[in-house]
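Student: I would like to learn how to read a structure. Can we go through one together?

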Amino acid sequence: MKSRMKSKLILFFISLLAIGNSHSQSNSLEALSVHETRVEYLENPQGIDIEKPRFSWTLKGGGRNRLQTAYQLIVASSMEKLSNRQGDIWDSGKVNSNATNQIEYEGSSLESNTKYYWKIKVWDESGMESKWSTTAYWSMGLLNFSNWKGIFIGHDVGYDKTDKYDSLYLPPARYLRKSFQVQKKIKKATAYTTALGLYELRLNGKKVGDDYFLPGWTDYNKRLYYQTFDITESLTEGENVIGAIIADGWYAGYVGYALLVRLDKVREFYGVNPSFMGQIQIEYEDGNTEIIASDRSWKSNEGAIREADIIMGETYDARLENSGWDAPNYDDDDWKSPKVYTHPNGKLEAHPGTKVKSTEVLKPIAMTEPSPGTYVFNLGKNIAGIAELKVKGPKGTRVQLRFGEILKRDGQIQTENLRKARATDAYILKGEGEEIWQPKFTYHGFQYVEVTGYPGKPTLDAITGIVLSSIETDASTFTASNPMNNTLFENIKTTQSANFFEIPTDCPQRDERLGWTGDAQVYMRSASYNSDVAAFMTKFLIDLDDAQRWYGAYPNFAPFPYSRPNQYAPAWMDAGIIIPYNMYKIYNDTRVLEYMYEGMEKFMDFQEDASTDYLRPGGGNNWGDWLAVNEETSHDFIGASFYGYDSKLMAEMAEALGKTEDAQKYMNLFENIKKAFAEKYILADGRTSEDTQTTYALALYFGLFPDALAEKGAARLAEKIEKNGFKFATGFLGTKHVMLALSKYGYDDISYKIFQQTEYPSWGYSVENGSTSIWERWNSYTKDDAANSDINAAMNSFSHYAFGSVAEWMFQHSVGIDTEDSGYRNILIKPAISKEMDFINGSYKSINGTIASAWNWKGNKVVMNIEIPVNTKAKVHIPTGKVADIREGNKSISKTPSITILKSNEKETILEIGSGSYSFSAKPWM
Ligand code: BGC
């Protein structure tokens with residue numbers, strides 16, 4: 001009883017403090033706290049190779065209008081020194097600055113194979129000092145070529161190339177091992193490893209790390225990524241064994257649609273045999289060091305993995321397991337010495353992105369037996385990943401797994417849409433009790449697993465789904481009053497997770513899985529709302545830059561291993577401008593702009609060269625508004641509009657880099673394009689010459705309409721959509737921009753009607769048909785099998801993120817969170833409040849912390865709950881011009897000194913607020 005009274009009292013005082021605080025700009029009562037300390041966007045990264053890594057953090061603190069006015073960052077060579085606040089490597093001193101990200105390391109040169117510990121503290125608006133952040137660290141990888149002692153090893157297997165199109169060539173994985181002795185006490189041990197191909201590193205019987213698909217996909221002729229693992233805890237005194245299993249992967253295996261279209265090469269795009277390279281660096285307590293590097297003294301063999309291909313699948317013969325091969329006390333006398341391979345020409349670098357990991361484990365929700373002995377497991381959603389098999393039975397039994405995204409009417413899995421992807425795994429039992437198996441070097445896009453050859457009838461736990469992805473989709477929340485839209489949001493995230501797999505792939509299931517640039521650019525901003533994609537996209541931009549054609553065009557996909565002519569297309573190649581621009585806008589990243597700048601200029605020159613009187617025509621591979629329904633937009637229109645958009649973005653990026661002359665040059669170019677564009681494509685009545693939904697969407701969103709005609713153009717788009725029953729006639733390009741353009745010109749109601757549409761073509765149509773993912777085509781599936789048979793059998797993915805680009809509109813408009821400058825320091829809160837929806841509730845974890853915005857009709861009033869992170873400001877748009885009517889909490893805003901009224905017109909009042917939570921209410925004009 002007593003304690004309850006006490007806690008009530010405490011609560012009372014806390015709320016008093018909170019009220020007091022909300023009125024004061026500077027009398028904050030508690031110091032700020034520092035969170036999410038990152039180096040190069042990553043939490044405690046190991047083995048980076050950036051000379052001047054960049055730091056970032058987020059801040060928390062009660063009350064309102066909380067700011068950082070200064071910070072101090074220290075970097076130490078040991079934990080002890082850091083605890084004693086000794087920044088022996090770097091002490092920034094007190095820096096008067098409000099920056100919390102993109103802060104470059106400025107200490108002395110960082111050294112190879114070295115771990116650094118760091119922390120920071122900040123000062124707030126009243127000069128109050130925070131506590132130090134919890135200890136964070138990063139380590140540097142091998143910075144010089146001379147640090148590398150390993151050589152590339154593996155072994156050849158025979159290869160008959162005569163029949164490359166009609167039969168598959170799937171060589172076995174290679175196993176490499178090395179036994180070594182540790183005689184002294186170890187202080188630190190690190191493994192630096194890589195492969196041409198894919199590898200899994202093993203140490204004393206266990207997998208090292210939790211990543212899949214290492215070392216990642218690059219243009220191996222230009223760069224090869226390596227990994228750094230801290231293995232101090234895994235080594236023991238006495239015998240230790242390091243092992244590696246290597247397979248073809250993207251380096252030597254099947255890639256993309258090459259087999260389907262019978263390219264000159266169908267596999268081995270970078271090399272024929274996979275090989276492994278690496279070393280363990282041991283530092284002993286006594287100060288001595290030792291390196292165990294890949295060399296001829298290792299042993300090489302084959303083993304249980306008989307086939308291993310990303311697209312085709314994996315076959316494992318458990319009878320051929322060399323049991324204990326990766327652990328001490330194993331007799332490797334019959335293993336051969338490895339073959340040495342040429343060191344590749346590509347640079348050895350640390351992987352800059354996020355690696356593939358298991359992000360979720362799924363238990364099947366059902367199992368059926370559509371024909372005797374064929375069992376189909378339903379995992380409940382359409383993912384990318386692998387299936388783990390649990391089985392018990394006689395030696396030599398072959399269990400086969402196939403994968404499908406949907407079921408046919410007879411309950412069998414549909415595999416026609418996989419095209420040339422065999423996507424089949426097999427496990428051959430050793431017959432020694434319960435056997436559990438997962439493949440290592442393949443993955444599939446699927447919801448259903450077909451199991452055949454199973455000894456007896458499997459139970460539901462015979463299959464477990466392992467979701468694999470390079471990202472976590474945890475940066476946002478979204479709830480609308482229409483539950484269909486909430487399912488849509490889940491589906492968007494599921495499909496993003498399935499395709500952000502080392503690179504942003506188009507789809508995870510068929511013989512494609514390529515980093516299609518058009519898909520990536522339309523989805524970039526959406527991607528960032530759902531997930532922190534800063535490191536992932538940094539890596540992809542390196543791929544894109546590496547793949548730029550010599551004549552300046554960015555290619556259709558990156559990495560680009562094929563040798564085909566004219567591999568570029570309007571709206572695909574423009575990814576080279578649009579993605580870097582978004583990296584700057586979202587993460588305030590100018591370093592990536594510097595990295596890309598030369599290539600971007602070259603691309604602008606390429607476009608200039610292709611243009612006549614400022615109009616860039618279509619060209620290269622012309623996919624137009626890919627997969628549009630019922631309307632067609634000319635390729636020239638698309639080419640010209642994207643050229644205009646690029647020049648505008650170039651001007652902004654040049655400005656951000658302090659290249660004022662370039663900024664002017666590109667702004668002039670934009671004006672010239674705009675003029676030429678309007679002359680050719682915009683009629684005097686505000687219609688476009690082609691009058692398709694997509695033409696309005698692009699021209700309005702890119703700002704290419706003459707100012708006097710833009711309203712008319714928007715009205716025409718709204719009218720067209722309405723006449724079309726609030727449905728799209730658009731493909732990849734139009735779909736992203738229609739609602740953005742409508743909302744830009746005040747037609748939120750129409751955007752909501754499209755958003756909630758359930759008739760074909762719409763997102764709601766797929767949700768109502770039970771989809772758990774985003775489809776490639778509006779008509780990917782119809783209940784009427786016959787009507788769809790032609791596309792089902794060919795090019796029809798059920799996991800294509802491109803049409804999920806509505807996430808950008810969902811967050812920028814329906815939730816209403818955007819950034820005015822770069823990196824969400826000056827936030828825009830402008831929710832599209834409409835009678836078409838009862839409420840919307842969303843949040844986004846920006847680089848500056850979580851921003852939340854929710855709105856809800858309460859009778860004829862609307863309540864807006866908003867949360868703004870510490871050290872940022874927001875302009876909040878309240879949909880009424882009657883300032884006196886706007887209340888925050890239970891007070892009029894004019895009586896709340898922490899809120900500034902910026903301006904007001906008939907339809908809205910714009911307020912400026914700082915950090916904190918706010919609850920506004922007003923009677924909207926509509
Ligand atoms: C991919 C697309 C890609 C397109 C180019 C397809 O095969 O799946 O998403 O953008 O080719 O038209």
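Student: Are tyrosine 568 and phenylalanine 606 buried or exposed?

Tutor: Start with the cut-offs: buried means under 20% relative accessible area, exposed over 50%, and partly exposed in between, with a 1.4 Å probe and protein chains only. Here tyrosine 568 is buried, and phenylalanine 606 is too. A note on the source: this is a predicted model, where local features need pLDDT of at least 70, side-chain atom pairs count only at pLDDT 80 or more, and totals for chains, interfaces and linings use all residues. Residues are numbered from 1 along each chain as its sequence is written, and side-chain values use heavy atoms, leaving out hydrogens and water.

Student: How many aromatic pairs does the count give?

Tutor: A pair of aromatic rings is described by the distance of the centres and the angle of the planes. Rings of Phe, Tyr and Trp (its six-membered ring) pair if their centres lie within 6.5 Å; planes under 30 degrees apart are stacked, over 60 edge-to-face, and the rest tilted. The count comes to 75 aromatic pairs. Take tyrosine 257 and tyrosine 562: their ring centres are 5.1 Å apart and their planes stand at 85 degrees, so this pair is edge-to-face.

Student: Where do tyrosine 257 and tyrosine 562 sit in the chain?

Tutor: Helices (H or I, at least four residues) and strands (E, at least two) are DSSP runs, numbered from the N terminus. Tyrosine 257 is in the loop between α3 (249-252) and β16 (275-284). Tyrosine 562 is in the loop between α6 (534-547) and α7 (575-587). Tyrosine 257 has 7% relative accessibility, so it counts as buried. Tyrosine 562, at 4%, also counts as buried.

Student: Which residues are around the ligand?

Tutor: A residue is near a molecule or strand if one of its heavy atoms lies within 4 Å of it. Around the ligand, the residues include Asp506, Arg510, Trp572, Trp623 and His800.

Student: What is the distance from arginine 510 to an oxygen atom of the ligand?

Tutor: A polar contact is a pair of N or O atoms within 3.5 Å; within protein, one must be able to donate a hydrogen and the other to accept it, and residues adjacent in sequence count only if both atoms are side-chain atoms. A polar side-chain atom of arginine 510 lies 2.6 Å from a ligand oxygen. For aspartate 506, a side-chain N or O atom is 2.7 Å from an oxygen atom of the ligand.
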